[in-house]
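Here is a short briefing to read alongside the model.

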Amino acid sequence: MDFLTTLQVLDSSLRQATPLLIACLAGLFSERAGIFDIGLEGKMLVAAFLSAAVAAVTGSVWLGLLAGIGASLVFSAIHGLASITFRGNQLISGVALNFLAAGLTVVIAQSWFAQGGRTPQLMAGGRFEPIILPGALTSSSDIAQAGPLMQLYSELISGHGLPVYVALALVPLTWWALFRTRFGLRLRAVGEAPEAVDTAGISVVGLRFAAVVIAGVLCGIAGAYLATGLQAGFTKDMTAGRGYIALAALIFAKWRPWYALGACLLFGFLQAVAIRFQNIDLGVVEVPVQVMDALPYILTVVILAGFVGRAIPPRAGGEPYVKER
Amino acid sequence: MTDRMPAWADAILVPLISLILAAIFSAIVIAAIGENPLEALELMIEGALGSTYGWGYTLYYATNFMFTGLAVAIAFHARMFNIGGEGQVLVGGLGVAIILLYLPLPHWTVALVAAMLMAAAFGAAWAAIPAYLQAKRGSHIVITTIMFNFIAAALLNWALVGPLKAPGQEPATPRFADSTHLPTLHDVFSVIGIDWSSAAPANVTLFVAVAACIGLWALIWRTRLGYEIRAFGSSEPAARYAGINPTRIIMVSMLISGGLAGCMAINNVQGEAERLVLNAAEGAGFIGIAVALMGRSHPFGVFLAALLFGFLYQGGAELALWMNIQRELIVVIQALVILFTGALDNMIRMPLERIFLTFRRRPDVPKPDRKSTSAEAAE
């Protein structure tokens, strides 16, 4: 495999990793505050659908993005209502939201566009266009001629949609918000010992809702990028388990932002390799493409099993907070 | 017991109200996409219950959901949430396909028993790893079973384009031998002279599923093991203190759960398709969650809820045929049922409890004892 092919695979990895990374950070905020979020998948899916639908009708990717975030926030509100207000089972709520998204998107898409549960192909203005960084080459023949550094710059670093750069910027931002601000300290505390936060006179319910809302906004961006950046329109079940991979990445990263970047890039790389190559011939054995598909999940189970470093979730995660009376 | 509502309200009223809420929201969805909800309901009833053909499909789906519903229910009793039903069904199907393809079996009765054992063994094996990791390493079983669903799908993909693939384009196994064909309800009922549609896929597996409901009821409420599972589910520290081994209970309940889910494969793989195809489970593993929640984890409740979802599934297929409503509407209803019976349970329970407490008759207040009579005398 030559240098340019490697770059192309890495370039594709970065694109594949973007929705994973944003969704993973969404899960990070939610789970650090003690709210398990299995519904990442569903929130991304409704966001993908509504952003594609609005972008197709209005021709504006920005309106699409807003609509996507709005849809995702509605789902977040239901999750918050069920798991915070009514102290229901957070896992069951997440599962229900995933199915709600899977069903609603197809039913509504068929009713609006009558194209078998998909939205129309998005035209130029309805998508996130690649951003060409200054001095970067654009045509593939020019890139093939250029030196290695120029190839790296033009192929890998330049030419992505805005959400890719946003996702990368979100990592330090999340780290800063969680570990360097008062809000972050309280958010983490509410996931570890909500009774202590309550004793200090800070609203547990308020903080948890804040975390769920942040997760909703991020899932909205992730879903919108899926339908208006990575692809040009919504197709049935287009998240294809990405929400669960993001969840896996979150555990893989042990609920830390920088580790999340690493985990998502790794899982994005696996997806990119599975897309580009089918079966991989290692000389001795041929690795079937299905192994690539299953690898993120297998790695997560191994990590969860604690054989390679133990993943310890926030202590109060998944438990509704009941004020003592 | 004074601050709780009667058991019948808990068992019947709460799921019923949840169901009505889910139905109302589904009707809103149907109306929002410009169709008539009442017309849709009429069509569903006609299509699912109006003929032996419709019943044949309704009962076929209900059979699937009984297995997966029971699987989720038994795990719930041990306070385990097994989302891995889907993967366990797929792997159970793999077991069924392997034995029916490679072992020449003379008669369907032998084939049924053999397939059942393989399906249960494969399904249980697929549940065993997450169960072991939960019991021994504390890995959250919800996450691991979700991961195992995806791993199962990848495994099945590989098997169906690789070693088990039949010649041709389609990723599927060859057809099973004719001798392994399970009698359909048409064959069964024609023996006693009832005319039943021969086109519908419901088959003798239905009776196996009903037997499984009864068997599981007996296991949960009539055996020592069932008692231990329930004790462990209601309080782990108490169960531990009573000498119940947590590892054993987690393993056993999850093995039963996986085995039951795996057994669904005799219905859809041996009974209906008569070969193994891609995505053979068709989401039935997930519907088991809704069925178990709706049925309050009681085998009889699961039986009823499975019938309801069988009706919804077949009715939904009819909707997709005759109206501009996608089949995915069923997924919406399923989601709403899970949401209302599972996650928003308290939203229904809290006001209901309040109503019951308000209307509770006076004599339920503890009888006045000596002290209070003296207090009355003092007044």
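A residue is called buried at under 20% relative accessible area, exposed at over 50% and partly exposed in between (1.4 Å probe, protein chains only). This is a predicted model, in which local features need pLDDT of at least 70 and side-chain atom pairs count only at pLDDT 80 or more, while totals for chains, interfaces and linings use all residues. Residues are numbered from 1 along each chain as its sequence is written, and side-chain values use heavy atoms, with hydrogens and water left out.

**Helix α3 of chain B**
- Of the 26 residues of α3(B), 21 are buried, so the helix is mostly covered.
- α3(B) covers residues 52–77, helices being DSSP runs (H or I, at least four residues) numbered from the N terminus.
- After α3(B) comes B:R79, with a positive phi near 50°.

**The interface between chains A and B**
- Contact (heavy atoms within 4.5 Å) links 41 residues of chain A with 41 residues of chain B.
- The two chains bury about 3,700 Å² between them, 81% of it on carbon and sulfur atoms; this is accessible area (1.4 Å probe) lost on being put together, summed over both.
- A:F86, A:I92 and A:F99 supply 18% of the area that chain A buries against chain B, more than any other three residues.

**Salt bridge**
- One salt bridge is counted between chain A and chain B (a side-chain nitrogen of Lys or Arg within 4 Å of a carboxyl oxygen of Asp or Glu).
- A:K236 and B:E328 pair up in a salt bridge through their side chains, at 2.7 Å from N to O.

Methods: Chains lettered and ligands numbered in written order. Helix = DSSP H or I, 4+ residues; strand = E, 2+ residues; numbered from the N terminus. Expected span 1.5 Å × (residues − 1).
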